[in-house]
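Here are my notes for you, in the order I'd go through them on screen. Have the viewer open and click along as you read.

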Amino acid sequence: MMNKIIQSERIVALKDWYIQNERRLLPLALLSGFIFDLLTVTRIDRLYENILLIVYMLIAAAAIAVMQLYDSGRLTAPVGNVRREQLLMWLRLTSPFIIQFALGGLFSVFLVLYSQAGSFMVSWIFILLLVGLAIGNELFRDTYQKLSVQVGILFFCVFLFSVFFLPIIFLEMGSIMFILSGLLSLLLIFLYIYWLSWLAPDLLEGCRAAVFSTVFGIFALMNIFYFTAVLPPLPLSIQETQLAYSVERINDYQYQLQIPDDTQVNDFLTEWVPFVPDQIHLRSGEPVYFFSSVFAPTDLTLSIAHHWEYFDRESRSWIDAGRISFPLRGGRDEGYRGYTLKHNVFPGRWRVTVESSDGRIISRRNFHIIDVSQSGGYPERTTVIR
């Protein structure tokens with residue numbers, strides 16, 4: 001009996017310490033999940049990454065169930081079973097911490113994968129949404145403990161996962177795969193809701209409408225993102241884009257590119273700073289080359305395209321200058337490489353969009369073509385091997 005009293009006092013003391021430091025511990029859980037994934041996630045089609053995401057979702061689903069069932073009074077220990085009562089209390093006490101860690105891991109993986117898969121200039125709304133969810137997971141902690149919000153976020157994660165997991169399984173991309181991903185996600189979340197309702201029939205009382213409206217609202221939002229090409233085209237992801245004066249294939253494994261010498265700075269600005277175009281200086285009649293490297297999962301074969309456009313000042317719109325497609329074969333860590341070139345270019349604003357076979361944007365590069373005769377000569381050039 002004395003031993004049980006001592007254990008109870010320790011638990012109460014630890015519980016009080018946890019409650020006092022909860023706001024410090026929860027961000028730590030979120031950050032630890034984020035750092036862990038940054039250090040371990042490499043390829044979207046690896047078994048490890050997909051198992052990790054599934055485990056995260058299962059952990060989050062289990063912790064949500066523990067929290068909701070305990071608070072509703074459905075998760076209790078038999079009278080006199082002190083050990084089980086202490087275990088349940090600890091599970092409820094740590095469930096917010098566990099949910100934070102799991103969601104932190106999920107959002108960090110999704111943020112890394114989806115930001116690599118699409119152009120920030122096109123997908124910034126979706127990427128900022130992921131960032132907002134990760135930050136809001138801590139700032140709006142009380143709101144996040146509502147059943148409707150927790151089920152909604154879990155459904156969002158399942159949908160994000162299904163969007164790229166089904167194409168990896170079936171080796172096919174397109175609208176049909178996306179629709180199947182959405183239907184599968186709805187089925188899984190409804191089974192989860194049904195399971196919670198079976199365990200606690202009164203759990204949804206007062207929040208049934210909020211739960212289902214949240215799920216269907218997220219479903220509608222994801223469809224809007226997809227059919228307006230805001231959703232990045234996972235499982236494809238851009239590895240590199242490069243403007244060049246020349247591109248030559250020197251063997252089966254390597255390309256030789258002649259590029260401007262200030263490429264590294266321009267690469268960063270073009271990709272991450274809005275409305276900062278690259279520059280390339282050309283003589284009259286000289287072509288411009290565009291080189292890209294796109295990662296795709298092993299055994300996935302499809303086509304991608306380089307869509308060339310120039311900006312017309314009179315109409316203030318982008319004018320189609322040609323769309324060149326070529327096949328892509330997946331499996332290479334550094335991405336499948338290809339290039340196109342454009343003759344008869346002229347000074348002004350241009351852009352090349354790397355598009356998937358279903359028209360979604362993988363990457364977009366804006367640049368200015370500058371006439372050498374008006375700029376005082378060529379800048380420094382360098383030769384690189386890719």
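1. For us, two strands pair if DSSP finds at least two bridges between them. Helices (H or I, at least four residues) and strands (E, at least two) are DSSP runs, numbered from the N terminus.

2. Before going on, a word on what you're looking at: this is a predicted model, where local features need pLDDT of at least 70, side-chain atom pairs count only at pLDDT 80 or more, and totals for chains, interfaces and linings use all residues. Residues are numbered from 1 along each chain as its sequence is written, and side-chain values use heavy atoms, with hydrogens and water left out.

3. Now zoom out to the sheet. Three strands make up an open sheet in the order β1-β5-β8, with antiparallel pairing. Which strands stand at the edges? They are β1 (237-244) and β8 (336-342); each has a single partner strand, so one side of each has no neighbour in the sheet. On average, neighbouring strands here are turned by 15° against each other, direction ignored (the axes are lines fitted to C-alpha atoms, for helices over the stretch in contact, and angles run from 0 to 180 degrees between N-to-C directions).

4. Back to E240, whose side chain meets that of R386 in a salt bridge, 2.6 Å from N to O. The term means a side-chain nitrogen of Lys or Arg within 4 Å of a carboxyl oxygen of Asp or Glu. R386 is partly exposed, because its relative accessibility is 30% (buried is under 20% relative accessible area, exposed over 50%, partly exposed in between, with a 1.4 Å probe and protein chains only).

5. How many salt bridges are there in the whole structure? A search finds three. Another one joins the side chains of R351 and E309 at 2.8 Å, N to O. R351 belongs to strand β9 (residues 348-355) and E309 to strand β6 (residues 301-312), 42 residues apart. Both R351 and E309 are buried.

6. E355 also has a salt bridge, with R323, and their closest N and O atoms are 2.8 Å apart. E355 lies in strand β9 and R323 in strand β7 (residues 317-329), so this pair ties together parts 32 residues apart in sequence. Is each one buried or partly exposed? E355 is buried at 11% relative accessible area, while R323 is partly exposed at 44%.

7. Next, the inside. The largest nonpolar core has 53 residues, and F110, F164 and M222 have the most contacts inside it. Helix α7 (147-170) is one of those that each supply at least two residues, and α7 gives the most, with 14 residues. A second, separate core has 26 residues, including V294 and W350. A nonpolar core here is a set of buried Ala, Val, Leu, Ile, Met, Phe, Trp, Tyr and Cys residues joined through side-chain atoms within 4.5 Å.
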